[in-house]
Amino acid sequence: MIYWCGLTRTLGFLLAGGLLLAGPVTAQPVRSQVSDYRVSFGEVVYQNKPYLILRRFRLDGQPHCLLVDSQTLTTLVVPTPATPPATDRTLADVLRTRLASTYSRALTTAQLNAKPSQDAGITHALPAENGVVLTIDLCPSRKPLDRVIFTKLLGVLGRTETPVPLALSVTGVWMRDHPDDLAWVREQINRGLLAVTWINHSFNHRVSPTLPLNENFLLEPGTNLTDEVLQTEMALLANGLTPSVFFRFPGLISDESLVGRISAFGLIVVGSDAWLAKGQQPGRGSIVLIHGNGNEPVGVRDFLRLLRRHQADIQNRDWLLYDLRTGVD
């Protein structure tokens with residue numbers, strides 16, 4: 001049985017200061033029909049465990065919701081009653097009794113690192129562990145997926161870590177333009193070879209070669225942030241994939257206000273302290289960033305070198321990849 005208590009609106013203010021969500025948003029389906037998609041905060045007991053509600057929507061016409069376990073940061077999609085809850089809640093309200101939870105602490109940590117114009121949010125994980133968190137960005141690209149990253153990972157780590165954990169920062173445009181590559185990744189997941197945390201990387205990932213950074217990427221005037229966030233989540237769901245609670249800014253560019261607006265969606269901003277193509281060297285617990293969209297061969301080459309350098313350590317389980325969800329607390 002599911003017990004509901006929460007906020008369900010297609011138009012409303014979230015958190016102090018207020019983020020206006022104009023909606024609902026409806027995008028073209030890929031595999032399933034996702035409609036009436038809206039931010040919805042509340043609480044629920046599902047299979048005798050407490051969860052927070054993040055979104056409500058219709059999947060192939062049937063009411064569903066996106067939940068998060070506030071301790072493990074695991075998200076899941078479950079059917080929901082058609083009758084909306086009567087009590088409105090805000091994100092701040094539902095977190096008030098969970099201030100000690102992993103989810104609440106991670107949201108707070110990400111917001112505290114909101115001032116830098118570049119690389120806001122959580123940039124390092126698991127400092128005591130000998131290994132890294134691997135994040136692979138899939139920005140819009142005409143080139144195919146760099147499958148060699150995944151095949152090498154499975155070849156080197158597959159015997160010591162099954163499934164191999166990684167995070168994919170994905171854009172809606174990349175999913176739209178690369179259905180075969182996306183299906184290939186999903187096949188590796190379904191075969192139990194990969195454990196993927198899907199990071200929202202915006203839908204369009206617009207970038208201008210002439211605009212200054214404070215007016216570029218998601219800071220570009222006229223950007224519809226609600227569409228950039230929610231349409232990406234919808235595309236994931238339409239492809240049978242589950243959005244996570246993580247968001248990465250395109251170009252890692254933001255400002256304090258933008259971080260606050262993303263947090264108001266209930267999303268944890270994640271950056272990187274080891275963008276390999278920029279020459280940043282990973283240490284213990286680094287959040288490594290490479291691009292798997294064919295546009296950054298230097299980063300891919302450097303990561304494959306990193307794997308080769310640690311191959312003996314990997315075989316001895318002295319150097320591992322870690323799940324992003326376990327490294328942000």
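## Helix H5

Let's start with helix H5 (residues 179-190), whose 12 residues reach 16 Å from the first C-alpha to the last, close to the 16 Å expected at 1.5 Å a residue. That expected span is 1.5 Å times one less than the number of residues, and helices (H or I, at least four residues) and strands (E, at least two) are DSSP runs numbered from the N terminus. This is a predicted model, in which local features need pLDDT of at least 70 and side-chain atom pairs count only at pLDDT 80 or more, while totals for chains, interfaces and linings use all residues. Residues are numbered from 1 along each chain as its sequence is written, and side-chain values use heavy atoms, with hydrogens and water left out.

Buried here means under 20% relative accessible area, exposed over 50%, and partly exposed in between (1.4 Å probe, protein chains only). In H5 the buried residues are Asp181, Leu182, Trp184, Val185, Arg186 and Gln188. They pack against helix H3 (147-157), strand E7 (164-170), helix H4 (172-177) and strand E8 (194-200), where contact means heavy atoms within 4.5 Å. After H5 comes Gly192, with a positive phi near 80°.

## The largest pocket

The largest pocket has a volume of about 220 Å³. Of its 16 lining residues, Val196, Thr197, Trp198, Thr242 and Arg325 are the closest to its centre. A pocket is an open set of points, on a 1 Å grid over the protein atoms alone, where a 1.4 Å probe fits, with protein on both sides within 12 Å along at least five of seven lines; lining residues have an atom within 4 Å of a point. The volume is the space filled by probe spheres set on the points.

E8 gives the largest share of this lining, four residues, and H5, E8 and strand E9 (243-247) each supply at least two.

## Asp323

Asp323 lies in the segment after strand E13 (320-321). Its relative accessible area is 17%, so Asp323 is buried. Leaving aside neighbours within four places in sequence, Asp323 is in contact with Val133, Pro165 and Thr197.

## The whole protein

The protein has nine helices and 13 strands. Of its 329 residues, 55% are buried.
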